[in-house]
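Here is a short tour to read alongside the sequence and the 3D view. Keep both open and follow the residue names as they come up.

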Amino acid sequence: MKSSRLAFSSALGLTAGLMIWSLLQLLRFIAEENPLPGMDSFIYEGALIGLVLGGLLPVRHALWNHHAPSLILSLFVLGASLGTVAGILCFGLGQSLMGVQFSSEWVRLFSFTFLGLCLGGIVLYVRPSSGWPLIRILVGGIGGLATGVFIELSVMYQLMIPWQLTGLLLGGTIHFLLLGVLENYHVDSYLRVLTGRQEGQLYLLDQQHHSIGYGKTNDLILPGHSEVCEVHARVFKKDEQMHLENVDNDGNVSVNYRFISQQSVKKGDIIKLGSALLQYHEV
Amino acid sequence: MSFIKLLVPGLTLAITLLCSPWLSESPRAAAQLSAFNIDSGHWGGEHRIFLTLGRKPAVGREYFSSDEFDLSLNGVPEFQFRIKPLGPQNPLHLRFLLPFGELAESLMDEIREPIANRILQNTPSTKYSLWKNGVGEIELAEPGEFPEELTVAGEFPESELSHLLVEASRDFTSDDSLRALMVFIPDLKSLEKEGRYFSVQLRDLLRRKQVLPWFISPTAPSDLLKKELGRMGGGTVQMVPGEFSKTFENIQKHLLSHYVLSHQPSWIGNVPYLLELKFRNEQQPFIREVIDPGKILPESKEPYPIIAIFLVFLVSLMLVILLWWFRRPRASTSGKIGFVILNPEEKFRFLEMPEKVKNFEFLNELKTRQELRLSSNLNRVNITKQQKTFLIEDKNYKNALLINRRRSHKTLLCNNDVLDVGELVLLYKNPEAPPQQNRKAPIRDKVTPVPGNKPKGPLRRDTPVLNFNGSRQEFPLVRNIITIGSSSMNDMVLNSDEVASKHARISRIGGRWQLQNLSLQEFTMLNGRRIEQRILRDGDEITIGDAVCRFKLERSDSNSKSPNKKESISKAG
């Protein structure tokens, strides 16, 4: 379960690398005929890298949980626009280091690390309820540094396959992989949806607290249930145990068919939110 | 739908963007920008750009003057600039790379003679030198001496050509000269075998070092090599026996026709900019190029065909969609009537309800991975078909069969009911069955004891308490024997249909507490297990009918702290 999500993340990372590479090649193709005004192509490249990674990093949960395309698209657009701005700023900052006689290797490493840090922040901003903010940003930075190192290595060894592709594929994967490992580290339980449109879906409880409801800002979204509120319940970890709390007074929350306002849940418990049925499992 | 609405304009935009390179194609100028030196311009120095103009000055004049041009940087006109031909201030530096390699002896003689003559005759605008790998520039001891290195034939290492070019372009002295590397290559074909000529990094380096590579070879050059060298401001010449001197004259003449454009940028740092140069009376610029301090992120060699790039992009997009699609929830039921096993070890498989089913005995044939224990008398749980669903009747009260986590003797199964059969958990799936909400018996909740007389006087600190779900009040066990049930005769009264009149008893045996089941029909559970009698431990969960409480040996902090405080105050007093 956890490892399959890690594999899913890595696959998405590979895809992100492929997408960045194709966009960079597209940019180059356009720049070949019409010189890009104003800036070095490095900044354009940074913008494209930021666009794809900033767009895809925050939506990996939405993809994993098979959310509606419109929701994924809106998350992607938000993340991508933030990522583009971050890419321009970070790579522009890197470019300006050239003026103080930094060699291009250091400029690349610096730019990628800085962009990684920014991407960590963007992931946090787009999906705010995720815990461990500082570690997340730090992990983003490590991912960026690793991308830079991979690209340096592939430049150094002049790989047979297009070197940029190799570096970007590895870089994209490492970004997603590191975040996935971080999120899997604390996971020891999950919810399984028993009824409704999402029947059979497994939701890993990988954060300090999760909100459940039909609203799009929730972590676990339960669409198509008549009696589920916008933000219905909250699952949070306290004293190494998962607790369930009723958030909306209009909605019912019950554990093992007994109404509760707040209670700890244990393995195998049947959770009922309005008309939706969930089961709590431990890994 | 909103996804598709967004997709259509998105695709249109993408296609327009892709087609834009073809839509605005500009004719290439005959003039060429060969090399530039902008390193000194980081902090307000001068940028020097070497270019050929592609035409001759008007009759009666020797050179063009700066007044005849318009220069614009990034589209902004620039007035402070000079265009001068190569001369004593900006000389041409010709450097011959040694060794030549194994050329035919007749050719060697032909080459040696003009080189030997010229190297010794530097002019104000042209400088000649010899360079050998591993040695550097060769100093000639005295004029008129024929350099020994020219006579020695040696193998030309084609595979290290890039390396040689980098090394040879490194130790030029003056910053103001245009440099040309003359490389004699015995066989250009062997170069082609390597599969590529120059990396982009090398191209950038040579351009920024204002070095123009010229390849001279007895074999014919390929079109690709011609194009690549042309882009770097250099060229390639096929050596025809007997005409070497003439060829060399031509190359030199071409190199000397370069002009130097020098201007002072108003910005600090190494920023690429678009340079446009045109004759004053013309519309189209004859030079339009980005002056780039070198790619920070180097590119791979040749741009890939647009179709391939677009395909890769589409594939990556499809992969994202595929990954999303791959995670769609897959319901295990598909409209059939039956049970989903909710034990995670059983992979949530679906168990179809057998036809002509009479009781739950069919569950005994189920093979489970964990060998889950089932109730022993499953043949006494009758199933009868009623309307479109089933009626379950439990004839044996000792069966640990729970429906919706609750004991029931006779229940009409509804869609999404959860059944506990021993350790096996089943979810009933029947889309045609009435929904759970219509079930008649309301689910009662929060069964808590009827508050009786409060115990008089202070409680002993080691008095255990019962903590009921849904109530904050704690019920202390003040007596040695406490009976629990729905009858008012009990010490603790629980008003519920599922609680027997005399249901259970908690008694003190020595220093420990024991829970005992008194009811035959209803059941008492300790930590989820049905029990008859059991010693209680701190934190145990007791289920009596549908009331759930927790046994605690000590009262919670809020109650116990206050007497402690009083004690400490009294002690202090």
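Helices (H or I, at least four residues) and strands (E, at least two) are taken as DSSP runs, numbered from the N terminus. Counted that way, chain B has 10 helices and 33 strands. Please bear in mind that this is a predicted model, with an ipTM of 0.90 and a pTM of 0.63.

**How confident is the prediction?**

- The average pLDDT of chain B is 76, and 77% of its residues score at least 70.
- Among the elements of chain B, helix α9 (residues 306-326) has the highest mean pLDDT, at 91, while helix α10 (residues 557-572) has the lowest, at 44.
- Over residues 21-29 of chain B the pLDDT stays under 50, and the model has nine contacts for them beyond four places in sequence.
- The other stretch is residues 558-573 of chain B, where pLDDT also stays under 50 and the model has four contacts beyond four places in sequence.

**Chain B as a whole**

- Chain B has 573 residues, and buried residues make up 27% of them.
- Take the contacts in chain B between residues at least 6 apart in sequence: 52% of these join residues at least 24 apart.

- Strand β6 (residues 92-98) and strand β7 (residues 126-132) of chain B run parallel and are joined by seven bridges.
- Which residue of β7(B) is the bridge partner of B:L97? The partner is B:W131.
- On to the next pairing: β7(B) and strand β8 (residues 136-137) of chain B run antiparallel, with two bridges between them.
- In that pairing, B:K132 has B:G136 of β8(B) opposite.
- β7(B) and β8(B) make a hairpin with three residues between them, and in the turn B:G134 has a positive phi of about 85°.

**A closer look at B:L97**

- B:L97 sits in strand β6 of chain B.
- Is B:L97 buried or exposed? B:L97 is buried, because 22 other C-beta atoms lie within 10 Å, and 20 or more is the cut-off for buried.
- Leaving aside residues up to four places away in sequence, B:L97 touches B:W131, B:L164, B:A168, B:L181, B:M182 and B:V183.
- B:F156 is 59 residues from B:L97 along the chain, yet their C-alpha atoms are separated by 9.9 Å.

**An open sheet in chain B**

- Three strands of chain B form an open sheet with antiparallel pairing, in the order β17-β18-β20.
- β17 (381-386) and β20 (410-412) of chain B are the edge strands; each has a single partner strand, so one side of each lacks a neighbour in the sheet.
- On average, neighbouring strands of this sheet are turned by 20° against each other, direction ignored.
- Strand β18 (residues 389-394) of chain B is joined to β20(B) by three bridges, and the two run antiparallel.
- One pair to pick out there is B:E393 with its bridge partner B:K410 in β20(B).

**Two packed helices in chain A**

- Helix α2 (residues 41-64) and helix α4 (residues 104-126) of chain A have axes that come within 10 Å and cross at roughly 35°.
- The crossing of α2(A) past α4(A) is right-handed.
- From α2(A), A:G46, A:I49, A:G50, A:L53, A:G54, A:L57 and A:P58 meet A:S111, A:L115, A:L119, A:I122, A:V123 and A:V126 of α4(A).
- The residues of this contact divide into nine nonpolar, four polar and no charged.

**Two positive phi values in chain A**

- A:D239 is not a glycine, but has a positive phi of about 50°.
- Where is A:D239 found? A:D239 lies in the loop between β5 (233-238) and β6 (241-246) of chain A.
- A:D239 counts as exposed because it has 6 C-beta neighbours inside 10 Å, and 12 or fewer is the cut-off for exposed.
- A:N256 is not a glycine either, and has a positive phi of about 50°.
- The loop that holds A:N256 is between β7 (253-255) and β8 (258-259) of chain A.
- With 21 C-beta neighbours inside 10 Å, A:N256 counts as buried.

Definitions and conventions. Residues are numbered from 1 along each chain as its sequence is written. Chains are lettered from A and ligands numbered from 1 in the order in which they are written. This is a predicted model: local features need pLDDT of at least 70, side-chain atom pairs count only at pLDDT 80 or more; totals for chains, interfaces and linings use all residues. pLDDT is the predictor's confidence in each residue, from 0 to 100. Two residues are in contact if their C-beta atoms, placed from the backbone, lie within 7 Å. Two strands pair if DSSP finds at least two bridges between them. Axes are lines fitted to C-alpha atoms, for helices over the stretch in contact, and angles run from 0 to 180 degrees between N-to-C directions. A crossing is left-handed if the near helix is turned anticlockwise from the far one by less than a right angle, and right-handed if clockwise. Ala, Val, Leu, Ile, Met, Phe, Trp, Tyr, Cys and Pro count as nonpolar, Asp, Glu, Lys and Arg as charged, and the others, Gly among them, as polar.
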